Amino acid sequence: MNRFAPDLVFDPIVGMHDVAHHKPAPDGLLQIRGASGDSKLYYIGDTPDDARCARAAEVPFIGVAAPSNPRYLDLVFLFQEEGAFAIVDDINYLEEVFAS
């Protein structure tokens with residue numbers, strides 16, 4: 001992050017040692033929501049547990065499913081089943097998700 005986006009700040013940062021229950025439990029996202037006030041939250045992830053965590057916390061989920069992943073189609077379908085806000089093939093397409 002320091003190399004490519006030194007001015008980008010993630011605050012708060014909540015890790016696995018900061019919560020009682022790990023993903024797919026929504027504890028971390030709920031903690032972030034509580035500290036973020038009225039900020040709009042999105043969860044960006046690449047696993048079904050990420051999608052389930054976002055759904056449980058009622059936070060829009062953006063799934064990253066790389067076509068090179070051997071389980072690519074399964075992942076896309078799982079993200080759809082979990083109600084993904086968007087699914088991208090590459091994290092570099094996030095700007096397009098928010099531009100629309």
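Which residue forms a salt bridge with Asp 49? The partner is Arg 52, and the closest N and O atoms of the two are 3.5 Å apart. A salt bridge here is a side-chain nitrogen of Lys or Arg within 4 Å of a carboxyl oxygen of Asp or Glu. The model is a predicted one, in which local features need pLDDT of at least 70 and side-chain atom pairs count only at pLDDT 80 or more, whereas totals for chains, interfaces and linings use all residues. Residues are numbered from 1 along each chain as its sequence is written, and side-chain values use heavy atoms, with hydrogens and water left out.

Side chains of opposite charge can pair when their charged atoms come close. By the rule above, the count comes to 5 salt bridges. Arg 52 and Asp 49 are 3 residues apart in helix α2, which means that about one helical turn separates them. Helices (H or I, at least four residues) and strands (E, at least two) are DSSP runs, numbered from the N terminus. Arg 52 counts as partly exposed because its relative accessibility is 30%, and Asp 49 counts as partly exposed at 32%. In these terms, buried means under 20% relative accessible area, exposed over 50%, and partly exposed in between (1.4 Å probe, protein chains only).

Arg 52 also forms a salt bridge with Glu 82, with the closest N and O atoms 3.5 Å apart. Glu 82 lies in the loop between α3 and β3 (86-88) and Arg 52 in helix α2, so this pair ties together parts that are 30 residues apart in sequence. Glu 82 counts as buried because its relative accessibility is 16%. A further salt bridge joins Arg 55 to Glu 82, the closest N and O atoms being 2.4 Å apart. Since Arg 55 lies in helix α2 and Glu 82 in the loop between α3 and β3, the parts tied together are 27 residues apart in sequence.

Leaving aside neighbours within four places in sequence, Asp 50 is in contact (heavy atoms within 4.5 Å) with Lys 23, Tyr 43, Gly 45 and Phe 61.

A search of the whole structure finds 4 aromatic pairs. Rings of Phe, Tyr and Trp (its six-membered ring) pair if their centres lie within 6.5 Å; planes under 30 degrees apart count as stacked, over 60 as edge-to-face and the rest as tilted. Tyr 43 and Phe 61 form a tilted pair, at 6.0 Å centre to centre and 40 degrees between the planes. This pair links distant parts of the chain, with Tyr 43 in strand β1 and Phe 61 in strand β2 (residues 61-64), 18 residues apart. Tyr 43 counts as buried at 12% relative accessibility, as does Phe 61 at 3%. The ring centres of Phe 61 and Phe 79 are 5.1 Å apart and their planes are at 65 degrees, so this pair is edge-to-face. Phe 61 lies in strand β2 and Phe 79 in helix α3 (residues 72-81), so the pair ties together parts that are 18 residues apart in sequence.

Finally, Tyr 42, Phe 85 and Phe 98 form one aromatic cluster.
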